[in-house]
Amino acid sequence: MKNKFNGKFLDRLSESPPLILTLGFFILISIGALILSTPFVTRSGNPTNPIDALFIAASASCVTGLSPVNTAEHWNSLGQVVIIILIQIGGLGIMTLASIIPLILRKKIGIKSRLILKEQLNIESMEGVIRLFRYVLGFTLAVEMLGALFLSIRFVPTYGLGKGIWFSVFHSISAFCNAGFDILGDSIYPLRGDYLVNITIMCLIIIGGLGFMVTSEIYYKRHFKNISTHSKLVLLTNAGLILVGALGFFVLESLKGGVLNNESIGDGVLMSFFQSVSARTAGFYSADLSKIKDSTAILLISLMFIGGSPGSTAGGIKTTTFAVLLLAVISVIKNEKEPVVFKRRISNDTIKKALSIFVISLSIVIFVSFVIAAIEDFAFIDILYETASALGTVGATLGITDKLSSVSKILITLCMYLGRIGPMTMALSFGLKSDVRLIRYPEGFISIG
């Protein structure tokens with residue numbers, strides 16, 4: 001009976017790319033937690049609490065950035081190396097890293113591996129999947145090296161050659177993978193007026209959050225009119241969200257009592273753009289987020305919930321999900337039969353999928369926030385911010401992460417896990433096979449609005 005069960009499970013595993021990705025991240029987190037719980041990776045030489053180790057391993061693997069301990073102070077060099085490895089694997093994806101070996105050995109990548117890569121890179125067909133896979137690896141290495149080079153201009157003179165290079169590499173990988181982990185001790189806050197560091201990290205976050213398919217099209221096709229509808233929508237939505245977020249942050253926090261009150265206009269604008277970009281799933285901060293207004297927190301929660309774009313290192317419900325729902329609402333208001341963008345119609349299946357992702361993600365955020373609010377003594381806006389940050393794999397916090405109870409940390413860990421693999425992927429992993437109805441029932445009238 002046991003062998004029969006194992007056989008069925010292995011058959012289902014081999015036929016389900018979403019299930020493989022779901023279990024792959026679970027295994028990665030488990031291995032990371034075991035290593036980080038040992039005394040060999042801490043500065044004090046004491047073991048890390050298992051719940052905290054699991055939390056941090058999930059945060060790194062799911063490229064989030066939330067941590068109950070200070071990364072610079074708690075972990076020694078080995079611990080920091082483990083964290084950045086988890087970030088790199090989590091950012092590129094389990095299967096992407098696993099497929100490097102046959103590529104190096106010049107062996108063919110099998111059909112099942114291609115299916116998993118297709119699922120992970122979030123593309124429609126397997127056509128060109130290996131070409132895109134090679135591009136992902138080369139592009140990631142090139143961008144991270146270039147980012148590290150720019151950061152080293154500032155970090156090497158400040159920290160010395162060895163430490164400066166390590167700081168540059170760590171923060172370049174963390175930014176490109178939209179992780180938000182830092183080993184400076186207080187994120188980018190001490191460097192909030194440094195244009196080189198801020199702009200470099202912002203560029204890394206944006207590029208990492210666009211999606212490999214989009215950057216690939218930009219690289220190969222060169223012109224906006226030649227790229228796909230998907231890529232056009234991603235670029236337009238990203239630009240709009242960054243501008244709206246920066247304007248909102250600047251206006252709200254420039255008012256009396258805001259965190260930009262004592263900053264120059266130039267620094268205030270830079271900080272506003274940095275927080276707008278970072279809030280979309282990175283988790284770095286250049287402003288004291290524990291002192292922001294509730295209205296600003298709601299703005300940032302909205303940006304965190306939307307997140308980055310499909311097939312990227314970012315989390316959230318994704319920019320295209322938000323854009324499709326917005327276009328659907330506009331089409332209803334204009335009494336149009338179907339939404340249209342760039343002279344292309346959006347199918348009902350796409351709208352239903354976008355709505356499903358939105359409702360499932362919103363339900364998770366609300367449910368987890370209410371549960372944590374029932375067992376913790378924090379302001380609800382702080383809890384909602386933490387939960388949205390976890391599900392959006394952002395890593396920003398209003399200062400409550402290290403004060404959470406073990407139960408709350410486990411709930412936040414689950415949110416990070418769900419946010420990285422995606423609620424729909426989780427549902428497809430363990431859900432039943434689709435039931436094709438042979439009968440079409442008569443339409444029923446339901447009054448709406």
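Seven salt bridges are found when the whole structure, a predicted model, is searched. A salt bridge here is a side-chain nitrogen of Lys or Arg within 4 Å of a carboxyl oxygen of Asp or Glu. Side chains of opposite charge can pair when their charged atoms come close.

Because the model is predicted, local features need pLDDT of at least 70 and side-chain atom pairs count only at pLDDT 80 or more, while totals for chains, interfaces and linings use all residues. Residues are numbered from 1 along each chain as its sequence is written, and side-chain values use heavy atoms, with hydrogens and water left out.

| Salt bridge | N to O distance |
|---|---|
| E263 and R192 | 3.1 Å |
| K334 and E336 | 3.5 Å |
| D349 and K352 | 3.9 Å |

Helices (H or I, at least four residues) and strands (E, at least two) are DSSP runs, numbered from the N terminus. R192 is partly exposed, its relative accessible area being 22%. On this scale, buried means under 20% relative accessible area, exposed over 50%, and partly exposed in between, with a 1.4 Å probe and protein chains only.

In the salt bridge between K334 and E336, K334 is exposed at 52% relative accessibility, whereas E336 is partly exposed at 37%. N335 is found in the loop between α16 (319-333) and β1 (340-341). N335 is exposed, with a relative accessibility of 71%. The phi angle of N335 is positive, near 60 degrees, although the residue is not a glycine.

Most residues other than glycine have a negative phi. V63, also not a glycine, has a positive phi of about 40 degrees. The loop that holds V63 runs between α3 (50-61) and α4 (71-74). V63 is buried, at a relative accessible area of 0%, while N335 counts as exposed.
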